[in-house]
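Dear colleague,

My notes on what was found in it follow directly after.

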There are 2 protein chains.
Amino acid sequence: MLNEERKSKILEVLSQRGRVLSSELVAELNVSEDTIRRDLKDLALAGAIKRVHGGALPIGHVEFSYEKRQKESVGEKSAIAKRAAALICPGQVVFIDGGTTTALVASYLPKDLKATFITYSLPTAIALTEQSNCHVRLLGGRVVKDLLLTMGPGLLKEIETIQADLTLISAESVHGDFGATVSHPDDALVKCAFIQQSAETAILAGSEKFGKVAPYRIARLNEVASIITDTSIDTKELEACQKAGGSIIVV
Amino acid sequence: MLNEERKSKILEVLSQRGRVLSSELVAELNVSEDTIRRDLKDLALAGAIKRVHGGALPIGHVEFSYEKRQKESVGEKSAIAKRAAALICPGQVVFIDGGTTTALVASYLPKDLKATFITYSLPTAIALTEQSNCHVRLLGGRVVKDLLLTMGPGLLKEIETIQADLTLISAESVHGDFGATVSHPDDALVKCAFIQQSAETAILAGSEKFGKVAPYRIARLNEVASIITDTSIDTKELEACQKAGGSIIVV
DNA sequence: CCAACACCCGCAAAAACCAGCAAATTAGTC
DNA sequence: GACTAATTTGCTGGTTTTTGCGGGTGTTGG
């Protein structure tokens with residue numbers, strides 16, 4: 001493979017995929033990492049690409065807002081996501097909800113895990129696709145601004161045709177008496193459908209979500225297999241939830 | 001083997017394979033490496049080929065002016081996207097394809113435009129949702145790695161239930177005789193379905209896409225309402241496409 | 001705080017390149 | 001046909017380019 005040929009190949013790949021990793025190029029072009037780095041350096045010097053740690057981007061690439069959000073969201077959410085990722089067994093079919101916490105699950109999946117994820121959240125679908133080798137299925141529908149998830153009548157009908165092993169849900173509020181609740185009616189319907197069509201359910205909720213109530217219930221606490229939260233949870237809330245039948249995992 | 005004969009052979013091989021190594025020529029033409037090098041030097045001096053370390057490339061395939069070309073092409077992509085955005089009328093239902101150019105269309109939509117976009121590309125759906133107030137519908141399916149678009153049997157069936165006013169397609173290659181073509185068979189099917197179910201079609205293609213051919217045809221040039229490209233388009237290619245019935249908009 | 005990863009620097013081997021020269025081929029002339 | 005000049009080709013030896021590797025440094029993310 002000629003030098004120039006390789007560089008033009010890199011440009012092609014980059015314009016096609018919108019980004020590229022050095023490691024990908026090493027594998028695809030069969031040269032050492034140093035050579036790729038030198039090529040990227042040359043191209044960057046010529047202004048053809050923008051170099052970043054680990055790879056390169058086209059110049060003038062606009063970072064999508066979900067990418068930013070994902071970078072910002074760290075801390076206790078990571079621990080919760082990590083624990084949730086550990087629940088997934090090879091070969092399982094998993095419903096996974098939208099939200100920043102569930103999207104983080106993607107980064108904690110073992111690289112060799114073969115499972116199937118079904119979601120209606122665009123950022124989650126992208127995260128899962130890019131960061132794992134699992135099958136990812138996105139449910140179609142109207143895209144909701146801000147939340148970046150799909151909605152619509154077809155959604156529930158499609159969910160009903162699927163029987164999953166596990167559902168990972170993020171709740172807005174968790175309360176011993178009122179269960180897990182959210183403030184968006186349509187969203188609640190979808191989450192309910194997920195739970196209905198799944199053998200087991202785990203709720204992901206930061207400690208700050210506890211003791212609150214939103215209008216639409218998605219599940220009572222004794223209906224879900226586990227609730228994952230962080231160590232900052234208030235003892236009283238914890239006990240109230242356990243009394244209500246919730247199996248709480250604190251990480 | 002005569003001198004001239006050898007040189008024309010080199011040109012032939014080069015145009016056939018798109019690149020050639022000195023070592024290959026040594027083996028195939030049964031002459032010493034120095035002779036080949038002298039030939040290549042002559043041809044390069046005459047402007048017939050581009051010499052590179054280890055062999056040669058066709059002229060124009062790899063311009064050394066990476067900088068200009070790339071920067072221009074970003075500007076040209078924007079211009080194409082802007083022109084395409086102007087095609088969309090209020091209230092219309094529009095199929096829109098994946099790819100960087102089509103994703104740029106989002107940023108040129110009037111803020112008060114009310115239209116409906118239907119796509120199978122996740123980045124495009126996100127761009128449209130975030131940068132406009134239009135309805136955006138995402139077609140569901142398995143998410144394809146790298147490309148970040150959905151695929152699957154349900155896709156075509158769903159498209160068939162929709163009758164749109166306009167389709168915006170980005171083609172990999174545009175050729176007078178062979179029409180607009182792409183290299184991914186499934187992708188071609190989806191694009192075809194878009195065109196089939198739409199009253200009008202516009203193809204977005206940078207000037208560098210012209211004169212090339214990929215394996216799968218998505219449309220003949222006389223079947224689409226307009227082809228939008230930039231001013232760098234080669235005059236010959238332009239005429240060839242117009243002769244084939246293409247209505248080309250140069251921006 | 002640490003492990004893993006990506007990065008950079010300098011080195012050395014391999015490959016490709018170049019310049020100059022001599023042998024071989026060709027062309028033209030007597 | 002033989003001689004010579006011109007061109008082409010191949011070879012030798014030395015230089016440059018490219019590439020991969022080891023080791024030290026910087027970044028990232030848990």
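Two residues are taken to be in contact if their C-beta atoms, placed from the backbone, lie within 7 Å. The model is a predicted one, in which local features need pLDDT of at least 70 and side-chain atom pairs count only at pLDDT 80 or more, while totals for chains, interfaces and linings use all residues. Residues are numbered from 1 along each chain as its sequence is written, and chains are lettered from A and ligands numbered from 1 in the order in which they are written.

I begin with the interior. A residue is called buried if 20 or more other C-beta atoms lie within 10 Å of its own, exposed if 12 or fewer, and partly exposed in between, with C-beta atoms placed from the backbone. A nonpolar core is a set of buried Ala, Val, Leu, Ile, Met, Phe, Trp, Tyr and Cys residues joined through C-beta atoms within 7 Å. The largest such core has 114 residues, and Ile203(A) and Ile203(B) touch the most other members. Setting aside residues up to four places away in sequence, Ile203(A) touches Ile169(A), Ala171(A), Val174(A), Ala180(A), Val224(A) and Ile227(A). A second, separate core has 11 residues, including Leu14(A), Val20(A), Ile36(A) and Leu40(A). In soluble globular proteins, nonpolar side chains tend to be buried together.

For chain A as a whole, 41% of its 251 residues count as buried. Of the contacts in chain A between residues at least 6 apart in sequence, 59% join residues at least 24 apart. Helices (H or I, at least four residues) and strands (E, at least two) are DSSP runs, numbered from the N terminus; chain A has 10 helices and 15 strands.

Strands pair if DSSP finds at least two bridges between them. In chain A, β10 (residues 173–175) and β11 (residues 179–182) pair in the antiparallel sense over 3 bridges, and Val174(A) has Ala180(A) as its bridge partner in β11(A). These two strands, β10(A) and β11(A), form a hairpin with 3 residues between them. β11(A) also pairs in the antiparallel sense with β13 (residues 216–219) of chain A, over 3 bridges, where Val182(A) stands opposite Tyr216(A).

In chain B, an open antiparallel sheet of 3 strands has the order β1-β3-β2. Because β1 (20–21) and β2 (49–52) of chain B stand at the edges, each with a single partner strand, one side of each is left without a neighbour in the sheet. β1(B) is joined to β3(B) by 2 bridges, and the bridge partner of Leu21(B) in β3(B) is Gly55(B). Gly18(B), which follows α1(B), has a positive phi near 85°.

Next, the contact between the chains. It takes 34 residues from chain A and 33 residues from chain B. On the chain B side, β3 (55–58), α4 (66–85), α6 (122–131), β6 (135–138) and β7 (141–144) each supply at least two residues, and α6(B) gives the largest share, 6 residues. That side divides into 14 nonpolar, 10 polar and 9 charged residues, where Ala, Val, Leu, Ile, Met, Phe, Trp, Tyr, Cys and Pro count as nonpolar, Asp, Glu, Lys and Arg as charged, and the others, Gly among them, as polar. Across the two chains, β7 (residues 141–144) of chain A runs antiparallel to β6(B), joined by 2 bridges; Arg142(A) has Arg137(B) as its bridge partner.

Finally, the DNA. A residue is near a strand if its C-beta atom, placed from the backbone, lies within 6 Å of it. DNA strand D has 14 residues around it, of which Ser32(A), Thr35(A), Val31(B), Ser32(B) and Thr35(B) come nearest. The surface near DNA strand D has 2 nonpolar, 10 polar and 2 charged residues. DNA strand C is surrounded by 13 residues, the closest being Ser22(A), Gly54(A), Ser22(B), Ser23(B) and Gly54(B). The surface near DNA strand C has no nonpolar, 8 polar and 5 charged residues, and its largest share, 3 residues, comes from α3(B).

With kind regards
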